[in-house]
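Before you read the points below, please open the sequence and the structure side by side. The note follows a few elements in turn and ends with the chain as a whole.

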Amino acid sequence: MSNEHLDLDHQERNQIAFDFKGYLFKVLNLWKFVLLCIGFALLIAYLINVRKQNVYKLSSLISVENDQNPFFTANTSISFNWGGVSNKVGKTITTLKTRTHNEKVVDSLQYFMDYLVEGKYRKVDIYKTSPFVIDLNLSGNQVLNYPIGIRFLDQSHFEVFTQFESSSRLSQRYDSKDMVPIDVPIGEFKKKFKIGDSIALPFLSGRLFLREEVKTVKPLSEYYIQFNSFDAIVNHYQARIIAQTFNANASSVLQLSLAGHNKSKIVDYLNTTAAILSRTELERKNLYASNTIKFIDSSLKAVNADLKDVNNEMNVFRKQNKVFNIDAEMAEVSSKLKELERQKEEERVKLDYLSLLETYLNTKTDYTNIAAPTSVGIDEPNILSSVRTITSLAIERQNMEYTTREGSDLFKDLDRRIEAEKQVLLETISSTKNTINTLINSINRNIANFESKLSGLPEDQQQYLRIQRKLDISQEAYNLYLAKRGEAAIVKAANISDITIVDEAKDIGGGKIGPNKSLNYMMGLMMGFFIPMFLIFIVFLLDTTIHGSDEIEQLSSIPILGLIGKYRYHNNLVVFEKPKSAVAESFRSIRSSLQFILNKTPKPGGRTIMVTSSVSGEGKTFTSINIATVYALSGKKTILLGLDLRKPKIFDDFELTNDYGMVNYFIDDLNFDDVVNKTHIENLSVVPAGPIPPNPSELLMSDRMEILVSNLRETYDIIILDTPPLGLVTDALELVKYADTTIFMVRLDYTKKGMLQLINAKYRGGEIKNISFVLNFYKHKTNHNYGYGYGYGYGYGYGYGVYGNAYHEDGKRSTWKKVTDFIKRI
């Protein structure tokens, strides 16, 4: 293989490399398209910016302090710490994100109902600035996600209007949160009401009142209300409220922040969420005290009943018996007996409490309702510690239920700890009950001893002393319980929430965080630039058409003989009729290059030049006619043979007919001299193709063709062979052997790159020799800008059809083709 062919192979292998320079010129050529896309993208960004609602972000500060409970100590002093500030802060943040908490806030503010007014681009939320409020019937059906119009007719009447497109809509009852389908009237709906009257419609239930600060409303002014799904609104706020520590130096201070479109709504939500959080925390903190007060109240009720019974018994006894004077010795015995019975009652109360606590622990799973052991005088440290731990763990588990999935390892760990502590407490209760029972037995023995000393007194005196002791003990127990209850009530009243508001949310102007209009414009600029660049890149990758001479140099080592620009003219005789035109000068340049090639291989007689192309429409006939003309005008005796037997063209420009020609000579119908036509161009003879034969290839392969070329070399200086397209049929290959040099036409923006691979293969295989490219439709302003302006060129009355089919059909340009050609020219 020759070095030239090796170079050709190397270039074909390298053609897969990306042509960045070509891509850059493609972009420069389409700069108007890129600029248009950028302008369009900026316009979209502008429309987005003017339609987007402003987004605001406001915040508030709350403080989380230590949590203490007074009922885990013997003297009821407030000294027990529930866990510390840092743990409390974490729990508070968790609570703020729970669904239960946010449901309370949304329910409190009724954020499931929007007050709207028609704006320029959308309905605008007016919240507190609406002139009216709706007092909802929470048990009634409120249609979801559909605006209901409110039109004020005068200062005391309004009209509800709407228009439903279907007869069924979804509604919600906000007391139970049930969602139910309802039937609604189809089409336009209007109904008049008086302000303050009950509204009982299938889709709206409640009353409308003017706000207190509103004196008058504008007649015919229109507003809207819209109901939203309660769950959707709760999810919205639950996902968007943010709680975080204010700074490292104030770890017990939390900053609550929320973003939205209406600043008044943000302010109310932040302040309400803090207030509800504080109230809930206080309720939780007072839970133990409330349970203790309930226990004391139940005990007081029983003691009070006993006290009344003893009083009645004493009154009856006094009415029936005289009052006795008891001597000092018996009185002292009675006093000691009373003290023992009081001690016995105290221990019995403790025993009853422990029995109730034991039953509670064995039968219940919620351990947050345990009354304080100190309320009955139990100060056993182990019992106090265990009750404290169990209650604390139970409350922690209760808080976790809002955010943690049941069955989680966290629950299992807490349950194990509660169960372990419960078993310890049950064992402690059991041993304490045994101790109390032992003490009660001892007291009973002492009581029996003292009662034996009083047995010497008369029966009525013994009964009197017994009733008196019972009365005194009941009165002391009653006073004790009253004191305990008062103590619990005082502590409960003195309790304050561990969560306090440090800085309320407030609209003081500002707070705007969006939309980021500059960012939108920047994004629009980037999208407007990169999207067309990407589209041009895709088109460039998929483009298989040759656009410049440098592409040919990359794809093939076959030399470029000359360049022909685009020039619109009514026929193909440009060189003859426009000898001073740039295109005529191009053909003269090609003639000079051909002479250089032909002189390198001198031969006797005339020289043969074959003109071919890959497909029809690349300017093969136009080039053949004008090369023949330029040689004839230089004094060379020239003959142009129309060998494109399948689609003859060389006749009309010379005002000839195609009734006879080369076909007639090949079939021996006429002598060659009979088919030769002298033209009005000096030194130029033309032989048209003649009638289209059924076997063009066989005719060109006949011996008469070889004899003809041999004879013509003796008669003419230059023989031009206008052949069929090489890429569509094999006829041209039959004529290669008669050509001293071959011109292969390449039309820029038309010829496909794959066709060069075809001619490269034939050139590499030795089927074609002495071949050169001539570039048609060359753009003179730049060699590599893919349509960046046109220079000179040619044109003629008929055109070429669509690529392959053009060889078999007439080439009239369609309207679409004319439009696309016009777009290419701009």
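**Notes on a predicted model**

1. Helix H13 (517-542) is included in what covers the buried residues of H3, where buried means under 20% relative accessible area, exposed over 50% and partly exposed in between, computed with a 1.4 Å probe and protein chains only. Helices (H or I, at least four residues) and strands (E, at least two) are DSSP runs numbered from the N terminus. This is a predicted model, in which local features need pLDDT of at least 70 and side-chain atom pairs count only at pLDDT 80 or more, while totals for chains, interfaces and linings use all residues. Residues are numbered from 1 along each chain as its sequence is written, and side-chain values use heavy atoms, with hydrogens and water left out.

2. Helix H3 itself runs over residues 31-51, and its 21 residues reach 30 Å from the first C-alpha to the last, close to the 30 Å expected at 1.5 Å a residue; the expected span is 1.5 Å times one less than the number of residues. Its buried residues are Val34, Cys37, Ile38, Ala41, Ala45 and Asn49. They cover an arc of only 115 degrees around the axis, which puts them on the same side of H3, the arc being that of the directions from the helix axis to the C-beta atoms. On the other side of H3, Leu35, Leu36 and Phe40 are exposed. As background, an α-helix has 3.6 residues a turn, so residues three or four places apart point the same way.

3. Proline 515 is found in the loop between strand E19 (512-514) and H13, and with 13% relative accessibility it counts as buried. Not counting residues up to four places away in sequence, proline 515 touches Lys52, Gln53, Asn54, Val55 and Asn520, a contact being heavy atoms within 4.5 Å. The C-alpha atoms of proline 515 and tyrosine 56 are separated by 9.3 Å, although these residues are 459 residues apart along the chain.

4. Which residues of helix H6 (residues 230-240) are buried? They are Phe230, Ile233, Val234, Tyr237 and Gln238, and seen down the axis of H6 they fall within an arc of 130 degrees, so they line one face of the helix. Tyr237, for its part, forms one aromatic cluster with Tyr111, Tyr127 and Tyr269.

5. A search of the whole structure finds 23 aromatic pairs, where rings of Phe, Tyr and Trp (its six-membered ring) pair if their centres lie within 6.5 Å, and planes under 30 degrees apart count as stacked, over 60 as edge-to-face and the rest as tilted. The rings of tyrosine 665 and phenylalanine 666 have their centres 5.7 Å apart and their planes at 50 degrees, so the pair is tilted. Both partners are buried, tyrosine 665 at 8% relative accessibility and phenylalanine 666 with a relative accessible area of 6%. The charged end of arginine 704 sits over the ring of tyrosine 665, 4.3 Å from its centre.

6. Helix H21 covers residues 703-715, and at 1.5 Å a residue its 13 residues should span 18 Å; its end C-alpha atoms are 19 Å apart, which agrees. Met705, Leu708, Val709, Leu712 and Arg713 are buried in H21, and these residues fall within an arc of 135 degrees seen down the axis, so they line one face of the helix. Asp703 and Glu714, on the other side of H21, are exposed.

7. Threonine 621 lies in helix H17 (residues 620-633) and, at 3% relative accessibility, counts as buried. Leaving aside its neighbours within four places in sequence, threonine 621 is in contact with Lys649, Ile650 and Asp722.

8. For the chain as a whole, there are 24 helices and 27 strands, and 48% of the 826 residues count as buried. Among contacts with a separation of 6 or more, residues 24 or more positions apart account for 78%.

Key
Lys NZ or Arg CZ within 6 Å of the ring centre and 35° of its normal.
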